[in-house]
Amino acid sequence: MEETYELIITNGDVVLPGEVLKLDIGVKDGKIAALGKQLAAGADTRILDAEGLYVLPGMIDMHVHFNEPALGHWEGFRTGSAALAAGGITCYADMPLNGNPPTVNQAALQLKAEAASGNSAVDYVLWGGLVPGNLEDLEHLAAAGVTGFKAFISNPGGEGEGRFREVDDDTLYQGMKKIAALSGILALHAESEELTAALSADALRSGRTGARDFAASRPAEAELEAVARALLYSERTGCRLHFVHISTSAAIEMIHAAKLRGLDVTAETCPHYLILNEDTMEELGPLAKCAPPLRSLEEQERLWKVLADGKIDLIASDHSPCPTELKLAPGLSFFEAWGGISGAQSSLELMFHEGVNVRGLPVTQISALLSGLPARRFGLDHRKGSIAPGLDADLVLLNPDHSYTLAAEDLLYRHKHSPYTGMTLSCKVMATLSRGTVVYNAEQGVVAEGGGEWLRTYEGQPSI
Ligand SMILES: NC(=O)NC(NC(N)=O)C(=O)[O-]
Ligand SMILES: [Zn+2]
Ligand SMILES: [Zn+2]
């Protein structure tokens with residue numbers, strides 16, 4: 001009997017690992033069933049014409065902060081995932097902090113999972129946290145299906161008794177031993193607490209509270225020192241390590257060299273370190289405040305160079321939202337404003353606009369950084385991350401030649417501030433499919449909510 005498809009996407013330029021081919025994609029039971037020329041439609045097959053569009057695997061954003069439970073008025077799964085769907089992201093990883101309680105034990109993970117359940121437009125995974133005092137919780141978090149563990153070397157900010165805390169060296173070292181024994185992976189925010197705390201206090205004491213003063217209080221050395229320390233611990237404990245939001249080419253080089261020595265380490269950077277710089281930070285104010293801070297224009301160029309050389313493993317948004325007044329209230333100094341960039345909806349478009357359309361990098365290379373590489377690193381590649389028969393039909397239709405200026409009304413996340421509003425992009429997501437269902441299209445917006453599922457994916461051995 002002929003295979004019948006529920007959906008065929010025709011005429012698109014399909015972005016495969018390493019090549020782009022004009023192919024039809026046949027979808028059955030939410031999976032990619034076939035790739036070929038002129039696939040035969042059955043009586044009930046829907047046809048989606050992708051003429052002139054790239055068909056890409058959905059982006060996998062391994063780094064977002066949604067604030068449920070308790071701080072859903074900052075960002076919730078419904079609004080946050082709607083923004084991701086609109087941006088061509090079909091799977092994401094929620095960080096263990098900025099909600100209350102932070103996801104540092106099994107009870108908190110349960111609350112996080114309940115908040116997400118039925119509310120996400122696309123599939124997701126959850127990080128657990130490594131914090132002082134929770135070593136005994138790690139194995140329970142692993143057993144419950146977290147994707148890995150996240151720790152901060154520097155103070156993550158936030159308020160209240162139960163807030164997520166940075167690790168001391170002993171917790172980091174013992175935690176890495178434990179995570180290695182659990183065959184897990186640690187994701188690390190690498191900035192020296194000693195250096196950043198002392199330099200910030202110094203800046204505040206002398207009234208140096210502007211954008212460039214903030215940047216100077218978190219210099220590249222703070223990142224490099226923390227990366228070096230964590231690499232040493234990784235080498236000695238055997239703990240697999242992923243560095244989140246690396247902001248300097250020197251740190252990327254250090255991580256790359258460690259990888260060549262045989263360490264199981266990877267590096268992520270974010271669109272904002274590639275698209276924005278210190279000057280933007282001064283122009284836009286706290287909208288562009290994040291840690292590590294935006295760097296110089298020269299550093300931005302060096303980061304593109306190491307990216308082009310294949311030394312960066314993946315791109316994630318680090319969407320760290322907040323109510324807009326925590327960024328822009330009158331009289332708020334740069335140091336007082338919330339640290340974190342809201343930009344998750346724009347990652348894929350920004351990377352294609354700047355990476356492919358402006359800088360001429362291969363579309364396959366950018367796609368790998370957004371989809372294939374994160375899937376492989378975090379054990380999602382049997383389901384997601386590329387366009388191949390048997391994988392989930394998590395797909396994005398991108399018009400590579402559609403110019404538009406990003407407006408606040410376009411943003412679907414809760415607080416509609418972004419350092420990218422007013423920017424003219426040269427490409428646009430026209431539709432996003434999650435397991436074969438169109439969840440977003442450019443005409444109607446989000447058209448299917450709540451269908452996303454939690455993929456329990458500890459140590460790359462998914463239990464579903
Ligand atoms: N508490 C946060 O959300 N922090 C985040 N903030 C940034 N990046 O400025 C982060 O990932 O470090
Ligand atoms: Zn961080
Ligand atoms: Zn973050």
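Is His245 buried or exposed? His245 is buried, because 24 other C-beta atoms lie within 10 Å; a residue is buried if 20 or more other C-beta atoms lie within 10 Å of its own, exposed if 12 or fewer, and partly exposed in between, with C-beta atoms placed from the backbone. The model is predicted: local features need pLDDT of at least 70, side-chain atom pairs count only at pLDDT 80 or more, and totals for chains, interfaces and linings use all residues. Residues are numbered from 1 along each chain as its sequence is written, while chains are lettered from A and ligands numbered from 1 in the order in which they are written.

**Annotated positions**
- An unreviewed UniProt entry gives the annotation "binding site" to Lys150, His189 and His245; such annotations may be inferred rather than shown by experiment.
- These residues are spread over 96 residues of sequence, yet they cluster in space, with a largest C-alpha distance of 12.5 Å.

**Lys150**
- Strand E10 (residues 149–152) contains Lys150; strands are DSSP runs of at least two residues, and helices (H or I) of at least four, numbered from the N terminus.
- Lys150 counts as buried because it has 28 C-beta neighbours inside 10 Å.
- Leaving out residues up to four places away in sequence, Lys150 touches Met95, Pro96, Trp127, Gly129, Leu130 and Ala187 (contact: C-beta atoms, placed from the backbone, within 7 Å).

**His245**
- The loop between strand E12 (240–243) and helix H8 (249–260) holds His245.
- With residues up to four places away in sequence not counted, the contacts of His245 are Glu268, Thr269, Cys270, Pro292 and Asp318.

Technical notes. Contact = placed C-beta atoms within 7 Å.
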